[in-house]
Amino acid sequence: MSNMSDRRIVVTGLGLICALGDGTDKCWSAASNGITGIREVQSVSTEGCYANKGAEVAESSEQLSSEDYDRSSLLCIKAAGEALADAGYTVTADNSNRIGVIVGNCVGGAASIDKYYTDEFKTGSAKPSDILRMPAAAIANNVAKHFGLNGATANIVNACAAGTMSLSYAADLIRAGKADAFVAGGSDSFSSLAFAGFHALHALAADACSPFNHSNGITLGEGAGILIVESYEHAKARGAKIYCEILGSGVSSDAHHITAPRPDGQGQMSAIRRAVKTSGLEFTDIDYINAHGTGTAKNDEAEFLSLHTLFDENKHLSVSSTKSMTGHCLGAAGSIEAVLTVKSVCEDVVPPTIGYSDEDLAVLKEKAGEIDFVPNTKRKKPVNYAVSNSFAFGGNNASIVFAKKPHEIPDNTNSEKLYITGIGEVVGNTEEEGKGIRASITSDDYKEHGIKMAFYRKLDRFSQIQLISGMRALADGKITIDESNENDIGIVVGTSDGPMTEIVGFQKAVVEGGTANGSAFSFPNTVYNAAGGYFSIFAGIKGYNVTVANSVQAGLQSICYAADVLHNGSENIMVASGTDENTDVDAELYGKLGLLAETKPYSLEKPGFVLGEGSVSLIVEKASSAEKRGAEKYAEVAGCAMTHHAVEFGTVSGSEDALAKAIESACADAGISVSDIDAVSGFANGHKTIDELELSTYKKVFGRDIPVFAVRETIGEARAAAGTEQAAYAAKLLAGKLGSTAKAYIGGKAADVDVSGYKYVLAAAWGAGGSYSAVVLKKA
Amino acid sequence: MNTEIAEKIKNMLVENLRIPADELEYTSELFGDDIGLDSIDSIEIIAGIDNLFGVQMTGAARENFQTIETLTKYVEDHMGE
């Protein structure tokens, strides 16, 4: 148990850029005075569209920065710079590895994807350098690189809930002692992808959005909101000014529909309940809720119902949707609203929901009951406790609580042992020249798990392999989901590149046929969290649900994330997955980057690798849960670590020390010395630079030529899937499922090793830009 | 029934809505349990029919969307309007 100040998390810096202006003060002044940022869209052609409103940032990308990054990264760097300066946070060589970056994002480098395929369509050629600007994984990395931040990084890519989930994760990691502070929030740029997608779904308002009022659609916005989230002790020690406290938070899954919220609001209420409960508060304590309030009929109806159900006893609650002024900034929405909510707490002013006529006010009175929806003009009142809600595609819900003063929060943390109790694998088995290794899924695979055509036909490649691996893991772990456990099981999906095939297909149709040519069928699958969403819907999983995009190592990072959620007391079981697809689109993009070659691990000849694909899911379970249901244990997840040494995205050189640190930290977390490790399940993929970095770092850390298993020799560079497979391989080996000898590489040379006496196997993974993770698996 | 139109509609459904061709008959209930189309799919059908035949189905009654056969009849009745 810990004392109260150990668990205090505070906000010490704010940064904000959106259509309301550049800078927190400008934005707050506009938002609190009911001034809108919604205008006619400038950056995307709206020809042939029934809607043309948007909330864009006035500054062009060139005005934001001279750096050659995607607009989402530039917006994020702008807000992060303001927040770090506001916090007076001086980053030094000594403290840089204790401050990391966690940012939420929805559409990744959508502006760069648009540019690349527009160039290709119009001129027949596009710049390969734009390919590195496409993945969401680049954003947190670019921020870390810009400011020299070397703590753990993560891009949370849960669409419209991502900005709130990133704050929740940052606070949880700091409470767990993994960092002193995070640059946390979210960022998204305006994009033809999102505009065409919501247009195709008929989810855009023809005029400015009108949340909790006409509710006839959203207005898209763009921007970035960043908060410096810091431990109280650390903030106090450096004499920082403190804006407010972050108390609890809640993340949940609807398990209902890929785009629409549950009409009964159960998922939303689950997240809000978790947030209020983990804050040690009652619903009647809350003074202000910054609502999700998108302005679609489905959201607003469900949110009205949720708020009335939970808060009707509260006689002093104000609720507003600042999206009526900022537009819906997708992955940045939750973080922009968090900045405005923090200001509300500090200033005792509630910003309004704008857009009500006198007639609308009469209607609102009927619908609002005793809740004050703050129409048109701000409310001055004490704001001691405020909640910010975010709900997303895929049925992901997140809610977080800010407080003016310290408040004792319940300590639900535990240090239970964690076990891998189920494994589900979809990995490649067919190699085609120039296209790499691909997995095969047939209708029999769906039938085996009772998945009907009406469900699986909706899925893109990325979602298909995720669903099958997730269901295989649940079946292998003998887990059936029902009302008794549906809220105690969560999902972490790690990915390097997300659903790139679906994104590119959608974008090409828009480039070639105009913004009005977006596909309503395809758009829901273009968000990175769709795969985790479909899996939760089919399996009925209603707990934590997150997708993290962090290059190749995201698959192993998903296990670290899962362990943190379990130790935080949120769930009993987590499904940790790594998923990446290999289609003609992926092969083409990797080919254009010059990364494809017919190499083998440790051939040390040239750059490049054989591209692979797959999804590997592990059931990570608390000891008490595993024992209660008599689960078979593959191995114990004894220690985890995530590290980062910021180098340019797309490169790794210069970041080796972070790999060494990940290994040492994971061993320390497991309570062992590096000399206790019997072997490594490694990440060699045949790329000379990667394989050399791995060999030399292991030699340095272990002081000997430790046996290394190379799963990519058979499945190719399946990126996040290969990362999770490394852990799956180690777990199976420790469980004796692979026999008493195995093929390993010692000093880069193949050899058969006797594995029968192994107790500890470490899995380590690399990510472009200097992200690493390591997991120690122990014989169960 | 004009099978040329029906075949074009079928191909569009297979292509745009990922319905396996061998499970799709002209008389299959599109919004029933087996194929399971929903409101998002109906938006895609409207866009597809407009692209293929220049026929507007926005606001058309629900029964016209039941099967490939009923869609074909609607297109036949409204082509060139």
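Predicted model: local features only at pLDDT ≥ 70, side-chain atom pairs only at ≥ 80, totals over all residues.
Two elements, α1 (3-17) and α2 (39-53) of chain B, each give two or more residues to the side of chain B that touches chain A; helices are DSSP runs (H or I, at least four residues) numbered from the N terminus. The most is given by α2(B), with five residues.

In total, 17 residues of chain B are in contact (heavy atoms within 4.5 Å) with 19 residues of chain A. About 1400 Å² is buried between the two chains, 50% of it on carbon and sulfur atoms; buried area is the accessible area (1.4 Å probe) lost by two parts on being put together, summed over both. In chain B, the most area is lost to chain A by B:Arg18, B:Ile40 and B:Ile43, which together account for 44% of what that side buries.

Of the 780 residues of chain A, 68% count as buried, that is, under 20% relative accessible area (1.4 Å probe, protein chains only). The C-alpha atoms of chain A fill a box of roughly 80 × 65 × 55 Å along the principal axes.

Residues are numbered from 1 along each chain as its sequence is written, and chains are lettered from A in the order in which they are written. Local features need pLDDT of at least 70, side-chain atom pairs count only at pLDDT 80 or more, and totals for chains, interfaces and linings use all residues, while side-chain values use heavy atoms, with hydrogens and water left out.

Key
Buried < 20%, exposed > 50% of the residue type's maximum accessible area, 1.4 Å probe, protein only.
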